[in-house]
Amino acid sequence: MKRKFLYALIAALVVVAVSAAARKTQLGSCVAYALGGFRDVPAQRSERFLGKVADEDTARCRGGEAAVKWRSTPWVDWQKYWAAGGDESRARGWASQLGLLSPNRRGIDGAILDLEYQRIELLKFNLFDNAGTFEEYIRGRNGMAGRTLKSWPQMRLPKDHPAYTSVGGDGTQKCAGELVRFRNLTGICNDIANPLIGSTDQPFARNVEFDTTFPDLGLNETVQNRHRDRIGLLKPDPQVISRKLFTRAQSSARKCNDGQGLPEYSTEANCDYQKAASLNVLAAFWIQFMTHDWFSHLDEGHNQSELLAMGCSAQRVNNDERLLTPDEIKQLGCRPDDRIDKSYIAEDATPKSFTHEGKQYLTRAPKTTLNRVTAWWDASQIYGYNETSQRRVKRDPRDPAKLLLEPFEGSVQDQMGYLPVLEPADPMNPQWAGQESVAFPDNWTVGLSLFHNIFAREHNLFVAAFRKQAQATPEMDSGLRNPAAPEAVIKYKEVTAHDLFEVARLVVSAEIAKIHTVEWTTQLLYNEPLYLATNANWSGLAGKYPTVAAALEKVLQHLRKFDNDKKNVGWYSAFATGPGIFGLANDNKDINGGVNHFGSPFNFPEEFVTVYRLHPMVPDLIEFRELHRDPNVIRYKIPVTETLRARATQMMRRYGIANWTLSMGRQRLGKLTLLNHPRFLQNLSVPRLKSATGKIDVPALDIIRDRERGVPRYNEFRRQYGLKQLTSFDDFIDPNLPKDSRERAEQQRIAGLLREVYGQHKCDASKRITTAQLNGNKSQVNDCLDHLDGSMVDNIEDVDTVVGWLAESARPHGFAISETQFQVFILNASRRLFSDRFFTSSFRPEFYTYLGIKWVNENGPDGIKMETKKVNGHETEISPLKRVLLRTIPDLAPELEHVVNVFDPWARDRGEYYSLQWKPRKGAESDVAFKER
Ligand code: HEM
């Protein structure tokens with residue numbers, strides 16, 4: 001009887017699925033989608049998923065008609081799924097009560113599946129190592145697929161390395177003894193079998209095919225077809241791009257004063273900027289603090305000695321490139337005499353090429369550059385990445401396990417002290433004189449001062465807590481082990497100051513990685529799918545979100561079964577959707593066993609740097625408040641230029657860290673969009689450059705640096721990353737906007753500006769311009785991009801990548817960044833966790849101590865603490881950065897009582913479900929910031 005019923009039900013569902021009328025309903029679509037099964041991972045780059053679901057049924061099932069309509073746009077589909085936006089995206093009524101089958105569940109699960117597919121494809125198609133391993137990655141080695149390789153001769157220490165003999169010299173190299181105990185200064189021996197991976201001065205990798213890099217070299221016919229002779233280092237002119245496409249419009253030039261504000265930091269000053277709804281200025285400086293840990297092209301704050309011109313020489317007029325007249329220069333406000341030091345290049349000899357299965361490859365990019373810091377998330381900006389930077393890291397002579405913090409007389413809150421200032425004997429670039437002494441001091445801001453001081457305090461608090469425990473239980477096992485004698489217990493009393501310093505570094509680095517992953521990123525990408533996905537990266541879905549984990553597991557089973565490259569089996573199983581990446585395999589015997597480089601040694605790609613050029617986040621003026629004198633009142637408007645380099649340090653001490661944290665916590669940061677770069681950064685004085693102006697336009701420099709380092713231009717960049725190409729500047733206009741809205745008119749104006757700056761050309765449909773993608777009908781993408789042969793088309797291919805991602809106006813709900821930037825993060829944010837032994841199989845007491853593990857897992861020494869109210873529907877732990885602030889700046893406690901995520905503007909009412917409203921919370925009604933939009 002039961003079976004009969006089941007057959008009848010299946011038959012009915014099949015009828016529903018195949019009946020055209022029924023398929024227009026959500027139920028019909030869901031059944032048809034379910035019967036259609038999962039998609040496979042494509043064999044070819046040109047068959048990628050592009051963030052667009054395969055058919056209408058899938059779209060309708062996951063997001064109703066809105067998602068069906070969205071399929072015709074270039075932008076990823078999941079943003080239109082049920083519950084993936086704000087409250088209005090949630091389905092109501094009886095259907096929402098259907099549990100797993102409810103539209104909201106289907107929407108969220110669908111979005112997470114799309115994201116996971118993206119990650120799988122990115123890992124399959126976007127790894128290009130520049131250190132010499134790429135040929136084996138393609139060809140494989142001794143019958144093993146390249147993607148399954150786990151060690152590389154190029155990652156051996158060279159003969160002249162001081163640790164050469166210790167790791168095995170000429171024989172098999174394997175790190176051992178002291179070299180595997182902690183994070184090493186230069187980042188060697190994180191991977192025990194590949195000592196050099198991620199260490200200082202290794203080449204930046206790429207995420208795009210090598211022959212698409214350095215497009216202005218015109219390396220092959222496809223590239224020549226794509227750009228003809230339209231691009232170069234200064235073409236289109238970078239300063240003209242900056243002035244026309246990046247400048248913040250001002251309602252009062254006097255009140256802004258080019259970002260210099262008014263005398264005595266008067267609150268009458270005002271520099272207009274477009275503000276992000278749900279992210280504060282702390283978030284801007286946090287990410288600057290992070291990037292200094294991850295990558296740097298500069299060595300001790302400089303490049304080569306040769307100086308380069310920076311443009312302000314030509315512009316397009318009526319689609320014709322012409323030299324600028326003096327009047328035009330004046331009107332634009334650019335400076336032809338600005339100069340900048342040329343980028344370091346590591347290798348620029350013509351790279352070798354090879355052929356495999358009929359396809360030709362380059363062995364590396366035509367030019368390479370070095371990452372001058374460790375690529376690991378090891379807090380190297382605090383602790384150092386080579387001997388020179390380490391000399392700036394001052395230890396406390398009274399307890400060398402601690403960092404030196406000095407009491408400062410006269411500041412408002414100084415119990416825990418501030419970092420000491422660089423002394424003349426310290427290694428430094430002259431422009432750093434007077435700043436705090438830290439490993440990475442370049443482009444020093446009051447925000448960097450803030451985070452460096454906070455984490456130096458946190459370091460010392462950990463050491464103090466450990467010392468206290470050691471005093472109470474000197475004979476107890478600390479958890480720590482020396483791999484040279486792994487069976488020997490190390491008691492609390494036996495832990496040396498050196499070891500404790502290094503344990504504290506491990507703990508602080510892991511805390512920072514956790515804050516970034518579960519607190520900064522969830523606020524940057526403020527919606528439910530991303531909340532789940534980023535938490536999954538850290539702690540997995542299995543425990544807290546079993547239904548999403550189960551859905552993903554089904555896909556992974558499917559992929560394993562049908563994988564067309566059998567040698568890759570096991571590759572997908574690395575996906576840590578169940579247990580999470582953090583701590584992966586830390587119960588195995590092998591302390592290196594949880595690491596996965598996916599066949600390509602880890603370093604950040606050049607393209608990653610590009611998407612972190614987040615200068616629009618910085619306001620021109622900081623709205624300064626005081627904790628003990630009504631935080632709702634803005635007391636001063638302090639120009640950011642007054643808080644740079646040595647003045648950052650003076651300002652921090654003069655006004656006190658609590659007030660700065662409060663001020664930056666309450667103020668919104670700048671939206672990542674065109675026409676929103678800080679004025680002061682366009683006119684930044686850089687005394688170390690002995691140029692006629694002594695100034696640079698930093699946003700113009702962003703463009704120049706990307707061109708020097710061969711980042712593909714925007715449209716090919718998207719194609720390479722598995723996103724849909726655009727076909728005209730009008731594609732940047734948000735399809736969500738009503739036809740007659742003011743916002744739409746403004747976006748049309750901006751599309752016009754792009755056209756003015758980048759121009760148009762008469763297209764030739766016989767010219768193929770990419771091999772990365774095909775048109776919908778499987779034909780080759782040609783110069784006309786869907787337009788009629790011989791018609792005038794926008795030079796969308798020439799748009800600089802930074803300009804392109806800033807121009808994207810259609811974004812998933814709550815996304816402060818664009819989907820193009822996000823695509824780069826999906827790949828690299830996972831990889832820097834997967835590749836790091838100390839975040840996977842070596843996250844264990846043998847390295848971190850018992851106290852260290854607890855500190856990281858429980859956000860401090862005193863156990864997990866929960867918020868009293870649900871946050872966006874979730875029971876939520878008090879966030880890790882809030883706990884750090886409560887410990888390091890206790891005065892902030894009353895203000896932090898209202899804060900759930902430290903990167904969300906502190907006095908904002910967060911609403912019920914991923915609200916982006918700009919409305920004061922209770923008690924902050926008088927805050928003038930809420931009087932503005
Ligand atoms: C007041 C604040 C800031 C100042 C004065 C500043 C200044 C600069 C300058 C002068 C450069 C050019 C270095 C060169 O290539 O010669 C640069 C590069 C860069 N900045 Fe900023 N910056 C600020 C804030 C930020 C923030 C908030 C971010 C956010 C992530 C950021 C991210 C970057 C990145 C990714 C680079 C490229 C680094 C590299 O090539 O290795 N900056 N910045």
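Modeller: Let us start with a definition. A disulfide is a pair of cysteine sulfur atoms within 2.5 Å. Keep in mind that this is a predicted model.

Biologist: What makes C763 and C784 a disulfide?

Modeller: Their sulfur atoms are 2.0 Å apart. The cut-off is within 2.5 Å, so the pair counts as a disulfide.

Biologist: Where do C763 and C784 lie in the chain?

Modeller: Both are in the loop between β17 (760-762) and β18 (792-794). They are 21 residues apart, and the pair links distant parts of the chain. C763 is buried, and C784 is buried too.

Biologist: Why is the disulfide of C763 and C784 called right-handed?

Modeller: Because the torsion about its S-S bond is about 95 degrees.

Biologist: What makes C175 and C189 a disulfide, and which hand does their link have?

Modeller: Their sulfur atoms are 2.1 Å apart. The torsion about the S-S bond is -80 degrees, and the link is left-handed. Both cysteines sit in the loop between α6 (134-139) and β1 (202-203), 14 residues apart. Both C175 and C189 are buried.

Biologist: Why is the disulfide of C312 and C334 right-handed?

Modeller: The torsion about its S-S bond is about 65 degrees, so the disulfide is right-handed. C312 lies in the loop between β3 (307-309) and β4 (314-317). C334 lies in the loop between α11 (326-332) and β6 (339-341). The pair therefore ties together parts 22 residues apart in sequence.

Biologist: How many disulfides does a search of the whole structure find?

Modeller: Five. With the bonded cysteines numbered in sequence order, the pairing runs 1-2, 3-4, 5-6, 7-8, 9-10.

Biologist: Now the charged side chains. How do you know that D904 and R910 form a salt bridge?

Modeller: The N to O distance is 2.7 Å. The limit is within 4 Å, so this is a salt bridge.

Biologist: Are D904 and R910 buried or exposed?

Modeller: D904 has a relative accessible area of 2%. R910 has 15%. Buried means under 20%, so D904 is buried, and R910 is buried as well.

Biologist: How do D396 and R398 score, buried or exposed?

Modeller: They meet in a salt bridge at 3.0 Å, N to O. D396 has 7% relative accessibility, so D396 counts as buried. R398 has 69%, and exposed means over 50%, so R398 counts as exposed.

Biologist: Why is D87 called partly exposed?

Modeller: Its relative accessible area is 30%. R92 counts as exposed because its relative accessibility is 53%.

Biologist: How many salt bridges does a search of the whole structure find?

Modeller: The search finds 73.

Biologist: What makes W94 exposed?

Modeller: W94 has 67% relative accessibility. That is over 50%, so W94 counts as exposed. W94 sits in the loop between α4 (56-70) and α5 (103-125). Together with L98, L100 and L101, W94 forms a nonpolar patch on the surface. Their accessible area together is about 500 Å².

Biologist: What makes H615 a donor of the iron atom of the ligand?

Modeller: H615 (NE2) is at 2.1 Å from the iron. Donors must be within 2.8 Å, so H615 qualifies. H615 is the only protein donor of that iron atom. H615 lies in the loop between α18 (606-611) and β12 (621-624).

Methods
Residues numbered from 1 in each chain as written. Predicted model: local features only at pLDDT ≥ 70, side-chain atom pairs only at ≥ 80, totals over all residues. Heavy atoms only, no water. Helix = DSSP H or I, 4+ residues; strand = E, 2+ residues; numbered from the N terminus. Buried < 20%, exposed > 50% of the residue type's maximum accessible area, 1.4 Å probe, protein only. Patch = residues over 30% accessible without salt bridge, like charges linked within 9 Å, V, L, I, M, F, W, Y side chains within 5 Å. Areas by Shrake-Rupley, 256 points an atom, 1.4 Å probe, with all protein chains shown as cover. Donors = N, O, S within 2.8 Å, 3.2 Å for Na, K, Ca; no water.
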